[in-house]
Amino acid sequence: MIHLDVKKKLHGSSGDIELNVNIGIQEGEFLALAGVSGSGKTTLLRILAGLEDARGTISVSGIPWLDASKKLPPQHRKIGFVFQDYALFANMSVEQNLLYVKKDKELADHLLQITQLGELKNRMPNTLSGGQKQRVSLCRALMNRPKVLLMDEPLSALDPQMRTKLQHDILSLHKEFKTTTIMVSHDPSEIYRLANRVIVLEHGNIIQNGTPKEMLLKTKGSQKFTFKGELLDIIKADVIFIAVVAIGQQIVEVVLDANEAKSFKIGQNVNVGTKAFSPSISHC
Amino acid sequence: MSELDFEPFLLSFKLAGITTVILFIIALPLSWWLSQTKNRFKPIIEAVVSLPIVLPPSVLGFYILFALSHNSPLGAFFEETLGIKMVFTFSGLVIASVFYSFPFMVQPLQGGFESLNKNMLEASYIAGKGKIATIFNVALPNIKPALITALIITFAHTVGEFGVVLMVGGSIPGETKVASVAIYEFVEVMDYGSAHIYSAIMLAISFLVLLGVYLFNQHQNRKFGVHV
């Protein structure tokens with residue numbers, strides 16, 4: 001069980017904010033940390049890792065990591081950290097990167113096998129692709145069998161296919177090691193797939209705390225599905241109006257009546273949903 | 001033209017070798033600290049470290065000469081308590097060279113450490129490694145070009161020093177008469193033949209040393225990517 005109650009002044013791009021977070025995290029939980037940039041997510045992760053100072057207390061399984069009198073250095077916290085930019089040791093091979101953390105060849109081989117990196121173990125980091133580097137980084141973070149695994153937007157620099165592959169790896173490693181995990185992420189599908197709880201930070205404070213299902217499924221009442229999108233255009237076609245909405249990379253058209261057309265402004269964010277009949281999914 | 005005596009060159013290389021080793025030991029912790037600290041006194045320390053680059057060698061030589069002579073408490077301590085005479089000796093020359101070449105060791109190392117990805121160092125701390133293990137296993141191996149530059153340039157710069165050496169060491173054969181001083185003396189006695197040969201040797205050595213550094217750095221850049 002992790003108890004965390006920390007405060008810290010942050011000098012962000014949007015002025016000074018006060019990070020003020022008080023949460024409890026159960027052992028084995030997979031917590032996603034979301035929120036706009038500058039809300040304090042990365043700082044919170046770094047405070048947990050002992051890389052940044054803060055006021056307050058942190059205790060992990062009854063051991064104090066931070067209190068008024070002392071701060072346990074990162075060396076003694078037994079954590080794993082996956083950086084957004086991988087941060088692999090450029091002078092060491094894949095296998096050496098893992099063994100530097102702990103001389104446990106059996107565990108290193110096992111981790112490299114799960115993540116399908118076995119054949120690359122003698123390669124140097126600069127010869128690997130982004131996805132391969134991040135898998136090495138993930139394996140390295142687990143080498144000391146950490147109590148807490150911290151991941152700072154680990155997949156944001158990767159293409160969608162590689163993301164899915166790594167999400168799968170993260171999930172299987174989490175199932176096997178049952179490491180309490182905190183991951184900063186912006187990607188709803190990633191959060192839904194991996195996390196059992198989501199915390200949303202805004203200006204340094206927790207504004208939402210719940211399961212991904214509660215927080216990410218936006219349908220209300222009898223709505224069958226709903227998508228967030230941006231209203232690109234409203235076109236008049238005879239007596240009706242057609243709204244053109246961009247949802248992710250897709251453009252869709254929705255029919256509006258004259259009153260509805262008046263109530264929307266081009267450029268605003270809208271939800272596209274349906275109530276009257278069940279949606280169907282077809283192959284694409 | 002007198003018969004060529006290579007002792008001044010050997011003395012130059014001995015002086016440069018000892019100076020480089022001492023400076024590496026002193027400069028490594030200092031340059032690491034400078035690269036990591038946010039201390040507000042950092043600019044003052046950086047300015048002091050860089051002084052020998054801009055000071056006339058005669059100014060530096062004069063102060064060191066004064067500090068090491070029996071007129072100063074330091075010089076008196078060495079001479080009376082330890083029985084070591086520092087002025088016009090090889091030991092005094094080593095001390096003078098350490099001051100003179102200090103920035104040439106500190107600056108490349110500091111620059112190298114500053115260019116390292118901070119996350120990489122933090123990953124090492126998180127892996128349970130202390131600062132010393134991190135410096136030797138992660139930081140130094142990843143700044144090889146800066147490390148080689150610091151060592152070679154310090155060595156070469158010490159071989160090339162003249163003003164400070166002349167003031168602190170004088171020109172005692174086998175003790176303080178290094179190659180650069182020997183050339184000066186050949187010119188003074190109008191033995192241009194020997195001066196030519198000595199100068200040509202110095203020129204060739206200096207060029208080869210610098211060429212070696214740049215070839216190595218080019219090779220490293222190709223191997224590790226441009227950011228190293």
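What follows is a short exchange on strands, core and contacts in a predicted model.

Author: In this predicted model, local features need pLDDT of at least 70 and side-chain atom pairs count only at pLDDT 80 or more, while totals for chains, interfaces and linings use all residues. Residues are numbered from 1 along each chain as its sequence is written, with chains lettered from A and ligands numbered from 1 in the order in which they are written.

Reader: Why are β1(A) and β2(A) called paired strands?

Author: A strand is a DSSP run of E with at least two residues, and numbering starts at the N terminus. Two strands pair if DSSP finds at least two bridges between them. Lys7(A) faces Asn20(A) of β2(A) across the pairing. The two strands make a hairpin, with 2 residues between them.

Reader: What makes β4(A) a partner of β1(A)?

Author: There are 6 bridges between β1(A) and β4(A), residues 55–60, in the antiparallel sense. That meets the requirement of at least two, so the strands pair. His3(A) stands opposite Ser59(A) in β4(A).

Reader: What makes the 111 residues a nonpolar core?

Author: Such a core is a set of buried Ala, Val, Leu, Ile, Met, Phe, Trp, Tyr and Cys residues joined through C-beta atoms within 7 Å. Buried means 20 or more other C-beta atoms within 10 Å of a residue's own, with C-beta atoms placed from the backbone. The largest such set has 111 residues. Phe81(A) and Val168(B) are among those with the most contacts inside it. Helix α5 of chain B, residues 90–115, gives the most to this core, with 11 residues.

Reader: Which residues does Phe81(A) touch?

Author: Contact means C-beta atoms, placed from the backbone, within 7 Å. Leaving out residues up to four places away in sequence, Phe81(A) touches Ala49(A), Ala141(A), Leu150(A), Ala123(B) and Ile126(B).

Reader: How many helices and strands does chain B have?

Author: Chain B has 11 helices and 0 strands. A helix is a DSSP run of H or I with at least four residues. Of its 228 residues, 35% are buried.

Definitions and conventions:
Buried ≥ 20, exposed ≤ 12 C-beta atoms within 10 Å, placed from the backbone. Contact = placed C-beta atoms within 7 Å.
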